[in-house]
Every structure is written in C-alpha cells, then in structure tokens.
Amino acid sequence: MLSKGLKRKREEEEEEEEEKEALEVDAWWLDPGHPAVTQAPPNVASSSLFDLSVLKLHHSLRQSEPDLRHLVLVVNTLRRIQASMAPTVTLPPVPSPPLVPSVADNLLASSDTILSASMASLLEDLSQIEGLSQAPQPLADESPPGRPIGGAPPSLGALDLLGPATGCLLDDGLEGLFEDIDTSMYDSELWVPASEGLKPGPEDGPGKEGAPELDEAELDYLMDVLVGTQALERPPEQGR
Amino acid sequence: MPSHRMPSEADIISTVEFNHTGELLATGDKGGRVVIFQREPESKNAPHSQGEYDVYSTFQSHEPEFDYLKSLEIEEKINKIKWLPQQNAAHSLLSTNDKTIKLWKITERDKRPEGYNLKDEEGKLKDLSTVTSLQVPVLKPMDLMVEVSPRRIFANGHTYHINSISVNSDCETYMSADDLRINLWHLAVTDRSFNIVDIKPANMEDLTEVITASEFHPHHCNLFVYSSSKGSLRLCDMRAAALCDKHSKLFEEPEDPSSRSFFSEIISSVSDVKFSHSGRYMLTRDYLTVKVWDLNMEARPIETYQVHDYLRSKLCSLYENDCIFDKFECAWNGSDSVIMTGAYNNFFRMFDRNSKRDVTLEASRESSKPRAVLKPRRVCIGGKRRRDDISVDSLDFAKKILHTAWHPAENIIAIAATNNLYIFQDKVNSDMH
C-alpha cells in the first residue's frame, strides 16, 4: 500500500482510523451529491498549501484548548483551497499515479470527511464541556433574551486563593466578611482627609464594638480607623 | 526585579494602557504581573527629568490555574488592562487573563500614626499597669507606600478565551468579550453577568466566525462595537434589545477581487478596534492595514493606511510560520489626528490623517538613549536602496510590536517590544516624510 521507503507517520495512521469511522459522517462543507475528489493532479502550490493547512489544523486540534480564532481561520482557508482544487464538473475518480503515496491520496480524497469529523467532534466536545461547566444553566444556549448567567458554578476554585464571592469568607477573618461590601466606589470625603483615600468605616464598626469606657482604646481605635492599620489588615505590599 | 535576572518568557509584555489622565501607565505580562509607572511631576530642580515615568507599583495579578473539569491549565498571561475613571484618591483598574477579570484598587499611604496608648512601637500590647497618662496618637510622615488590593474577582463568566474588556462611560458597568460571547458586568457584582452577544452556532460544525475585539462607545453608554475574524464590525445598541445578537450597524468592506487570495480572510481578520476620542470614528487593524471608519458610513472605511504592504507577496511564508495570525493593536492620539500601530522588526508606524504623511520608527536600544531623536526607518522592497534601509528579507519577524498606547492628551507613546517597554515623547509634527 505504501511506496517503498515511505515512513508511515503517526498522524496518517490516526487519519486512516478516523477515515473508517468518518465515512458515515455528513461532510458538511462539501457540495451536496458528489464528494469533491480531484480529477486531475492538483496544482502544486495549492496542494502544498493544502497539506500545510491540514497539518496546521491537526496541530491545532491536538492542543488541549485550541485557539478558536486560529482554528476557524485555518478551516476557512482550507475550504477555500479545497474549493479551488475541486473541479466544477463531477467525474468518476481517477486512480492516482503510483508515485504518489496512496496514504496522501486517501488524505486528499477523504480529507474533507476527516476534517469535518475532527472539527465537528472537537467543537462538539467544546460545547459539551461548556454544558458541564455551566451546570446550573445547562440550557444556556436556549435561554431567553437578556440571559443572566447564574451564580457560582460547581466550585472548581479550590486553588483559586481569592475564590468566588460565595466562597468561604470566614477564612479571611473579619476582613473577609466585608470583602464585598466595598464602598470605595462611592467613597464619602466628608470626614476623611482626601489624601488618605480611605473607606469610611461601616465595615469596621461591627467588629469593634468595645465597651465605651475604654477611652484609650477609643482613641487608638479612632486612629486605626483613620489610617486603616488594624490588626487584621493585610500587610503592605512588599514590591518586587 | 533583581538586576541579574535573565529575561524570560514571563517578562513578555502582553498589554499596555495609560490611565485617563496619562499620569499612570500600566503594563501586564505573560507571567501575570502588572507593573504601574507614574509620571514624575516636572520639577525646576531637575529639568532633565521632565515628566519621566518611574515604577510606581508592581503586583501579581493572576496566577496560573488548573481547570480540573477540562484538565486544562489556564494561563496567567494578562490579556488586557483597563483603568476605571478615577473617582477618589484611589486608582482602580481591571485586569484579565483568558478566563477571570479582577478589579484592583491602588492606594497610597504616606503617613503613619505614632503614640498609641495600648500598643507599643512594634504593635505589641502594652502592660496596662505602665500606662499612666493618655496621649493622642499623631500622624507622622513616612516613606510613600503604594498598596494594591483585589476588590473584585469576576470569575466563571467565560467558556472561551477573553480577548477584550471595556469600561462603560456610565462608570458602573463593563463588558468582557471572548471568542463567541460578550458579557456585561456591574462593577460591584461578581456572581452574575448579563450575556449581551452570543454568536455561538447551535451546531458547532457551523462555526465560521469568532469575535476578535470589542469596545464601548466613549460617550454613548448604550453603544458598543465588536469585530470579527471575517473583518466585519458590528455596532450594537443595548437599548434596542436586551440581546444584541442583531447589530444596529454592520461595517464591512467588500473584498477587492484583484487582490483576492487564499489568505484574504485571514488578513482581513480585525485584531483591534478603537473608538476615536470624539466618538465619531472607529479605528481597526487587520494584518496589513489600519482603517478609519465613520460611524455614519457602513459600506467602507473612509481612510485606509498600508502598514507593511511589502508583506503582501510573502503571505504564504507568513502563513507557514504563523505570523499571519499575529494580532497587532492600534491607537489614536489625543486629538484623533494621528494613528499608530506596531509592525515587525520592532518597527512601529504613525499616520497623520491630515497631512497624509506617515513615518516608520524603531524601538531599539540604540534609540532609547535619553533625549535621542528617533530616526525614521525605511523598508526597501527592491530597486534603489538607501544606506540605512532595511530589506524585506532581513526583517526580524520575532521582534513584533503588538501592543502600543498613546497618552490621552500629550504626545507620549508607550511601545511594548517583547519584554521591553519604551516610552517616547514624540514630536509629531517633525520627522514625518
């Protein structure tokens, strides 16, 4: 089957296997009726460009998370090349000259189905995974107009140190309790000097309900609030 | 950063952005770090350091994450940074990687209280029996300390890779766009976002186009634009419908039949879109050109500038080495009279819309000496060659200037050349040819 001395590449092995499965798959980018098989030896430039594009496509598909833009552009380019190589008049397929590796021929002839199958399966995988990862909204695709994308999906954020808003806030101590109550966007300048740029202290209040008779504590607390140097505060940025 | 550290891939700058006054300049890199530069006020004592930018703060914005469901590592690379308009003494910015957007607050501290009653200098509690009198703590000046803290984490909003974020002129909302969807967020709400554009086809086999960039209109809070890999721009009005899948205007230039090739679609893919400061125009960058569009004319751009047309005959090689997929950004100057974009060989280009003159400049160590005047460069295709010309074949395609920014008011530009940042104060009126 192979020409003498031609190494059977692993990619081509995969393609051969996929080809067998893919024959039943609807070749969505072909003209209906007759599959586009080259009738004459393909134009050299188009052919090498075609091969290059197929390689790029396979390389892209093998990525764990392919760059969608790159993928779509390569696929569209491949379609253009293929369209230019396929003749408009349909004729019965001509056996290729024995010099051309038959594996490459199979690739050429069934590349459309292989590509469509690979592309389709990958993109289906992507959409299935999306369906899984957005478990609270499995019908995200069909949601009504102005779709809000709901809450926090199954927490994958175990490694996310800063966690989703609904994560365990108490781990951060009192500070964490008020993490989301951020009034900084609406900072009042009424009683805080502008140069300080501080938040007014409602979030600090509930945590510091000391007995009013401790005057020293009150003064210290007031200073703490003014400057923001509470015991629970994060240490200052160290710089790099 | 220690001075002996060798430049690594993590140091590659991936985004550059001035804040609204131009006082601050933020850069993000592949290692997930953000570095903020601050312009020093001009001082009579040191006339030479006229408004130069020094490092103000550095922090780790994003860390690499692992998505267990998909068994994928999520890159920490900062794709975009956008500043929020300043509303108080603090500065805020949004930074995003492929999946998660974060709101960071930057504050300054230059005073420290001294003279606590209950604590000693180190902060340890005093023995109460030693406290005999009451004192009022006083604020004493200290060395300026810049503190950065994450105020919001906007996670789990995107299945695909985020390519752009844009703060709305209402200063309350912002949008984030990935390959197939655009979400609207409220800056104060992290557990919910509103999907406003979804171009994902029902059948993924039908996917032929992705979203490449998006931006809110600078003045009309209901308008935004997004660009596609097929070279089209869609202007959407959020007041027209809750779901903006249907555009209000579609900007598309018909393909020129004379220059049609296999790569026509790839080179027409828009890599960046920017509204002019006036809000009347849009600037787009595709592989070979920058185009100015009038919002009132959908049929074609009003101006087209060739960035590096000498590459048109090399598209096949550039497709082979994947350079044809490089995404260059573009920028307006403050008065919308000059536009700028990067190219290869550390070249960047500026086009004066009024005089129609253009210039090619290089961001290199030779030109980075203080107060050195940048020399215009020229790429020669063939024929007569001047002494300092560069031939097309000797262009270094590894040296690409993808990210550039222009000060909102002055002629100061920031150019990211791989892992180096260049800040030029460019006299626009001279050096044009």
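Start at B:Asn19 and show its side chain. That side chain reaches the backbone nitrogen of B:Glu23 at 3.1 Å. Now pick the backbone nitrogen of B:Gly22: the B:Asn19 side chain reaches this atom too, at 2.9 Å. Keep in mind that this is a predicted model. B:Asn19 sits in the loop that links strand S1 (13–18) to strand S2 (24–29) in chain B. Is B:Asn19 buried or exposed? B:Asn19 counts as buried, because its relative accessibility is 6%, and the limit for buried is under 20%. Select what packs against it. Beyond residues up to four places away in sequence, B:Asn19 touches B:Leu24, B:Trp83, B:His91 and B:Pro408.

**Next stop: a sheet in chain B**

Select strands S15, S16, S17 and S18 of chain B. These 4 strands form an open sheet, in the order S15-S16-S17-S18, with antiparallel pairing. Look at the edges. Strand S15 (211–216) and strand S18 (249–251) each have a single partner strand, so one side of each lacks a neighbour in the sheet. Neighbouring strands here are turned by 20° against each other on average, direction ignored.

Stay with strand S17 (233–237) of chain B. Its antiparallel pairing with S18(B) runs over 3 bridges. Highlight B:Arg234, then look across to S18(B): the residue opposite is B:Leu250.

**Two cysteines**

Select B:Cys236 and B:Cys244. How many disulfides does the structure hold? Over all chains, the number is 0. B:Cys236 is in no disulfide, and its nearest cysteine sulfur, from B:Cys244, is 5.3 Å away. Seen from the other end, B:Cys244 is likewise in no disulfide, with the sulfur of B:Cys236 as its nearest, at 5.3 Å. A disulfide needs the two sulfur atoms within 2.5 Å. B:Cys236 counts as buried, at 0% relative accessibility. B:Cys244 is buried as well, with a relative accessible area of 1%.

**The largest core**

In soluble globular proteins, nonpolar side chains tend to be buried together. Here, the largest nonpolar core has 53 residues. Select B:Tyr287, B:Tyr319 and B:Ile324, which have the most contacts inside this core. Now colour by chain. Chain A supplies at least two residues each from helix H2 (44–62) and helix H3 (68–85). Which element gives the most? H3(A) does, with 9 residues.

Centre on B:Ile324. Leaving out neighbours within four places in sequence, B:Ile324 is in contact with B:Phe263, B:Ile266, B:Ile267, B:Tyr287, B:Leu315, B:Leu318 and B:Tyr319. Then move to a second, separate core, which has 16 residues. Among them are B:Phe348, B:Ala363, B:Ala417 and B:Phe424.

**Chain A**

Chain A has 6 helices and 1 strand. Follow the chain from the N terminus: the elements run α-α-α-α-β-α-α. Of its 240 residues, 38% count as buried. Take the contacts in chain A with a separation of 6 or more: residues 24 or more positions apart account for 68% of them.

**Two loops with positive phi**

Most residues other than glycine have a negative phi. Bring chain B back and select B:Asn156. Its phi is near 60°, a positive value in a residue other than glycine. B:Asn156 lies in the loop between strand S10 (138–154) and strand S11 (164–167) of chain B. B:Asn156 is partly exposed, with a relative accessible area of 41%.

Now go to B:Thr418. Phi is positive there too, near 55°. The loop holding B:Thr418 runs between strand S30 (412–417) and strand S31 (420–425) of chain B. B:Thr418 is partly exposed, at a relative accessible area of 31%.

**Last stop: B:Ser278**

Select B:Ser278, in the loop between strand S19 (272–275) and S20 of chain B. B:Ser278 is partly exposed, with a relative accessible area of 40%. A polar atom of the B:Ser278 side chain lies 3.2 Å from the backbone nitrogen of B:Arg280. What does B:Ser278 contact, leaving aside its neighbours within four places in sequence? The partners are B:His219 and B:Asp336. Finally, draw a line between the C-alpha atoms of B:Ser278 and B:Cys330. These residues are 52 apart along the chain, and the two atoms are separated by 16 Å.

How values were computed
Residues are numbered from 1 along each chain as its sequence is written. Chains are lettered from A and ligands numbered from 1 in the order in which they are written. This is a predicted model: local features need pLDDT of at least 70, side-chain atom pairs count only at pLDDT 80 or more; totals for chains, interfaces and linings use all residues. Side-chain values use heavy atoms; hydrogens and water are left out. Buried means under 20% relative accessible area, exposed over 50%, partly exposed in between (1.4 Å probe, protein chains only). A polar contact is a pair of N or O atoms within 3.5 Å; within protein, one must be able to donate a hydrogen and the other to accept it, and residues adjacent in sequence count only if both atoms are side-chain atoms. Contact means heavy atoms within 4.5 Å. Two strands pair if DSSP finds at least two bridges between them. Axes are lines fitted to C-alpha atoms, for helices over the stretch in contact, and angles run from 0 to 180 degrees between N-to-C directions. A nonpolar core is a set of buried Ala, Val, Leu, Ile, Met, Phe, Trp, Tyr and Cys residues joined through side-chain atoms within 4.5 Å.
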